[in-house]
Structure formats: C-alpha cells, structure tokens
Amino acid sequence: MREALSPARTQRRRPGQGKCDESDAERAARAAMSGSKLGTPKSQDGWVDGVRCMLAARSGAVKARTSAINTARSLLTTAPEGLRSRFRGMGGPRLMEELPSVRAEGALGAALGALADLWAAARDAALDMERAIEASLEENCPALLAMYGCGPVSAAKLAVAAGDNPGRLRSEASFAAICGACPIPASSGKTVRHRLNRGGDRQANSALHEIARQRVMRDPETAEYAERARGRGKSDREVMRCLKRYVAREAYRALMRPHEIRRPEDASELVAARRAAKVSQVRAASILGTSEKYISMLERGQRELKPIRRAYEAWVEAGLPLDWDRQAFEAERKMDSKKHLAK
C-alpha cells in the first residue's frame, strides 16, 4: 500500500481550477499514477499503536490534572480571606493534597474536595499509563530508553513518529525531517546559516528538545560542545538545532536496532566500596541526589547514567563521606570545564 502525500504549495490548486472533493481526489489519483509524491504509510498493527493510545490517554490525564489545579486556584482567589490564607504560597501538588481537609466547609469546600479527588485520579491514571508505556518500550525497543536523557514519554513520542514499520524511512535524514529537526537553509549574501524547522511532528520534536535540554544541563560533554558552538558565534537556538539533529540520528539508529544496547561500564568496584562502607542504596541515593531506582540500575549495569556514575566515582574517591556535597562537586567540575575551554 502506498500513501499519496500532500502536494507542494506551488503545485496545489491554481487559479481557475476550483475546489471540491471530486477534483481533489482526481488530482491525488493523477499524482499516485505518475509515481510522484508517494510514501509508505504507517502500519497500525503493532506495539507502537498501543503505545500511541496509551500516550494519548496519559496526555488527557495530564490535562485533567492541570485543569483541576487551575480551577482550584481560581476558586481560592475569590474565597474568604481565612480560607485563602491557609493555602497561600502552596505549590500545585501540595495544594491539591491539602484541599480534602476543607471538604466539610460548605459548598466551596465540597467543590474544592471534588477537584482534589479529580486531581488525584488523573495523577494516578497518568502514572499508570507512564508505567505501561515504559514496560512496552522495555520489551520492544529498550535501545530508545537506553539513550541518555530519554525517558519513557520522550521515547514513546519518537516511536510513534516512526510507526510500527520504521523501515519505511529511507535514512536518518528522513527521520529527522519527520521530527522537524532537519536544518533549513537561511543563508543570505556572505552569511551562511541554517534555521529551526517549524514543520514535522511537533510531539517528536518536543521529545528531541527535551532530550537535548537534559543533556546540556547534565552531561558535561554536551555542555562543552554547547560552549564551543557559542564561542564560534552560534546562538542558543542554533546550538539546540544542532543537538536535536544529533539526537534524531541516535534515535533513528535505536529504532532500526531496537534491542542493540551498548553495555554500560562495570560498576562492581563501586558496589564493593559501598558495601564495605556499610552504606545502603537508599542512603547512597540520598547523598548523590538521585533516586534508589537509578542507583540500582547503575550498579546492575542496566542503564548508562553518566552524570550519576561520575558523581558516584567522585564520592568513592573521597572515601564515601556521609556529608558529601554533590552540588559542590558539579559546580567545581563545571568551573574546571570552563577553564579548559578558555585555554
């Protein structure tokens, strides 16, 4: 089966041709018979379509959760001062967790309690969908989840953009074009530059943007590249465009080889040092400023978590002190990186 693509703007209806379903269908049929502007459509008979449905359900739950918070805040804005002052300055999640305490205080309290129930149900539904998405990706395409900075939601968006038959994509450049990450020439005179692509699948593009943003913040190698690019005169948008194109290339390779994962470095020495110091995984996670889940993944070699590993190694080298400050370590490392770039 082939799919007739939308014609270019210059090849659409010309003056005097008119518009109706029959004439549009005829133009599409003529393009298909000529063999131009044809593509292979996504198949909807595999695990990716299930992930797409779960992603849509999660998106709806997240919107309902946000709407409940916004509605509660608007009601509190016009509430009596005594009630309004009790919740002033609270963040969204904490506010919704505290609202059931006013359920018995008249109609307003009942409304706020109902909104808190709606928020809790939407939060649980979103978490359930996210866990189901992660389980499906772990089974069918663990290579996407193994990408640094790529969580289950971002991985799901990239998988949905490629579809159940990613082999229909001719190259990683075509995948980048689908994700809206291919460079668009914007040169003029002696200035040679490219700009952001505002087309393509915007959900997949947002996933690439989030992965690139996480890498800039947490991966020293990516941060050093960004600094070098800015030193060459590139703007922050141009740096992000380059990073998103690189991530698109990596994601395409993961989609083509879904079960091919690069084995992380052995962490047995780190585990032995932690156990010798009689420090639990929970305590180590608290010291390193992360979750027990990631410490477990790192020690078992399930995921390559470079920033956490670097902090873990520095903590072990320091003698595993219980008052070790990871933020001071990261700040010192960032300063050393800037000095190196300055040289």
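Contact here means heavy atoms within 4.5 Å, and in that sense Gly109 touches Val102 and Arg103 when residues up to four places away in sequence are not counted. The structure is a predicted model, in which local features need pLDDT of at least 70 and side-chain atom pairs count only at pLDDT 80 or more, while totals for chains, interfaces and linings use all residues. Residues are numbered from 1 along each chain as its sequence is written, and side-chain values use heavy atoms, with hydrogens and water left out.

**Overall make-up**

- The protein has 16 helices and four strands, where helices (H or I, at least four residues) and strands (E, at least two) are DSSP runs numbered from the N terminus.
- Of the 343 residues in the protein, 36% are buried; buried means under 20% relative accessible area, exposed over 50% and partly exposed in between, with a 1.4 Å probe and protein chains only.
- Among contacts between residues at least 6 apart in sequence, 63% join residues at least 24 apart.

- Gly109 is found in helix 5 (residues 106–140), and it is buried because its relative accessible area is 0%.
- Gly109 and Leu99 lie 10 residues apart in sequence, with 8.0 Å between them in space, C-alpha to C-alpha.
- Arg86 belongs to helix 3 (residues 81–86) and has a relative accessible area of 40%, so it is classed as partly exposed.
- Not counting residues up to four places away in sequence, Arg86 touches Ser101, Val102 and Glu105.
- The side chains of Arg86 and Glu105 make a polar contact (3.0 Å); such a contact is a pair of N or O atoms within 3.5 Å, and within protein one must be able to donate a hydrogen and the other to accept it, with residues adjacent in sequence counting only if both atoms are side-chain atoms.
- From Arg86 to Leu76 the separation is 10 residues in sequence and 10.0 Å in space, C-alpha to C-alpha.

**Helix 2 with helix 7**

- The axes of helix 2 (residues 47–77) and helix 7 (residues 152–162) come within 9 Å and cross at roughly 130 degrees; axes are lines fitted to C-alpha atoms, for helices over the stretch in contact, and angles run from 0 to 180 degrees between N-to-C directions.
- Helix 2 and helix 7 are therefore oblique to each other, given that angles under 35 degrees count as roughly parallel, over 145 as roughly antiparallel, 65 to 115 as roughly perpendicular and the rest as oblique.
- On the helix 2 side, Trp47, Val48, Val51, Arg52, Leu55 and Arg58 meet Val153, Ala156, Lys157, Ala159 and Val160 of helix 7.
- By class, this contact of helix 2 with helix 7 has eight nonpolar, no polar and three charged residues, where Ala, Val, Leu, Ile, Met, Phe, Trp, Tyr, Cys and Pro count as nonpolar, Asp, Glu, Lys and Arg as charged, and the others, Gly among them, as polar.

- Ala284, Ile287 and Leu288 of helix 13 make the contact with Ala311, Tyr312 and Trp315 of helix 15, and by class it has six nonpolar, no polar and no charged residues.
- Arg310 is also found in helix 15, and it is buried because its relative accessible area is 18%.
- Leaving aside neighbours within four places in sequence, Arg310 is in contact with Arg218, Asp219, Pro220, Phe329 and Arg333.
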